[in-house]
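Please read it alongside the sequence and the structure shown below.

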Amino acid sequence: MLAMEMGPDGAVVVTGRLDAAQAASAQAFLDKIQGVATLDCRGLEYISSAGLGVLLKTQKRLLASAGKVRLAGVQPHLRDIFVYSGLDQVFEIDPAV
């Protein structure tokens with residue numbers, strides 16, 4: 001299960017699992033975001049390759065209009081996925097608090 005909602009500080013709060021089953025709904029939500037999108041990932045438990053694809057597609061779209069995706073509160077086990085895949089070079093990633 002995945003939940004995405006706008007937090008009080010303007011960040012997108014992501015909780016649950018971002019996998020193939022949730023990719024379409026996550027993409028639909030993120031397609032509405034413009035500018036610099038901060039994703040609060042403190043509640044993100046798991047991300048699959050399909051989830052990474054959603055983030056990459058969003059990053060590409062936002063970069064084309066001078067925006068970007070920032071990931072905040074990324075848990076260590078998920079940060080490892082970004083590092084191993086080289087995506088830590090694509091996204092600005094702030095560690096978990």
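The face of helix H2 turned away from its buried side carries the exposed residues Ser 49, Lys 57 and Lys 60; exposed means over 50% relative accessible area, buried under 20% and partly exposed in between, with a 1.4 Å probe and protein chains only. This is a predicted model, in which local features need pLDDT of at least 70 and side-chain atom pairs count only at pLDDT 80 or more, whereas totals for chains, interfaces and linings use all residues. Residues are numbered from 1 along each chain as its sequence is written, and side-chain values use heavy atoms, with hydrogens and water left out. Helices (H or I, at least four residues) and strands (E, at least two) are DSSP runs, numbered from the N terminus.

**Helix H2**

- The buried residues of H2 are Gly 51, Leu 52, Val 54, Leu 55, Thr 58, Gln 59 and Leu 62.
- Seen down the axis of H2, these buried residues fall within an arc of 155°, so they line one face of the helix; the arc is that of the directions from the helix axis to the C-beta atoms.
- The buried residues of H2 are covered by elements including strand E2 (12-18), helix H1 (20-30), strand E3 (36-47), strand E4 (68-74) and helix H3 (76-85).
- The 15 residues of H2 (residues 49-63) should span 21 Å at 1.5 Å a residue, which agrees with the 21 Å between its end C-alpha atoms; the expected span is 1.5 Å times one less than the number of residues.

**Helix H1**

- Gln 22, Ala 23, Ala 26, Gln 27 and Leu 30 are the buried residues of H1.
- They cover an arc of only 140° around the axis, which puts them on the same side of H1.
- The buried residues of H1 pack against strand E1 (2-6), E2, E3 and H2, with contact meaning heavy atoms within 4.5 Å.
- Exposed residues Ala 21 and Ala 24 are carried on the face of H1 turned away from its buried side.

**Individual residues**

- Asp 19 is placed in the loop between E2 and H1 and is buried, with a relative accessible area of 15%.
- Leaving aside neighbours within four places in sequence, Asp 19 is in contact with Tyr 46, Ser 48 and Ala 50.
- Arg 17 lies in strand E2 and counts as partly exposed at 34% relative accessibility.
- Arg 17 and Leu 44 are 27 residues apart in sequence, and their C-alpha atoms are 6.2 Å apart in space.
- Beyond its neighbours within four places in sequence, Arg 17 is in contact with Met 1, Leu 2, Gln 22, Glu 45 and Tyr 46.
- Ala 66 lies in the loop between H2 and E4 and is exposed, with a relative accessible area of 73%.
- Although Ala 66 is not a glycine, it has a positive phi of about 65°.

- The structure holds 1 cavity of 30 Å³ or more; on a 1 Å grid over the protein atoms alone, a cavity is a set of points where a 1.4 Å probe fits but cannot get out, and lining residues have an atom within 4 Å of a point.
- The largest cavity has a volume of about 50 Å³.
- Its lining consists of Val 14, Leu 18, Leu 39, Cys 41, Leu 44, Leu 55, Leu 71, Val 74 and Phe 82.
- E2, E3 and E4 are the elements that give two or more residues to this lining, and the largest share, 3 residues, comes from E3.

Note on methods: 1 Å grid on protein atoms, 1.4 Å probe; cavity = no way out; pocket = protein on both sides within 12 Å on 5 of 7 lines; lining within 4 Å. Points joined across faces, edges and corners; volume = space filled by probe spheres on them.
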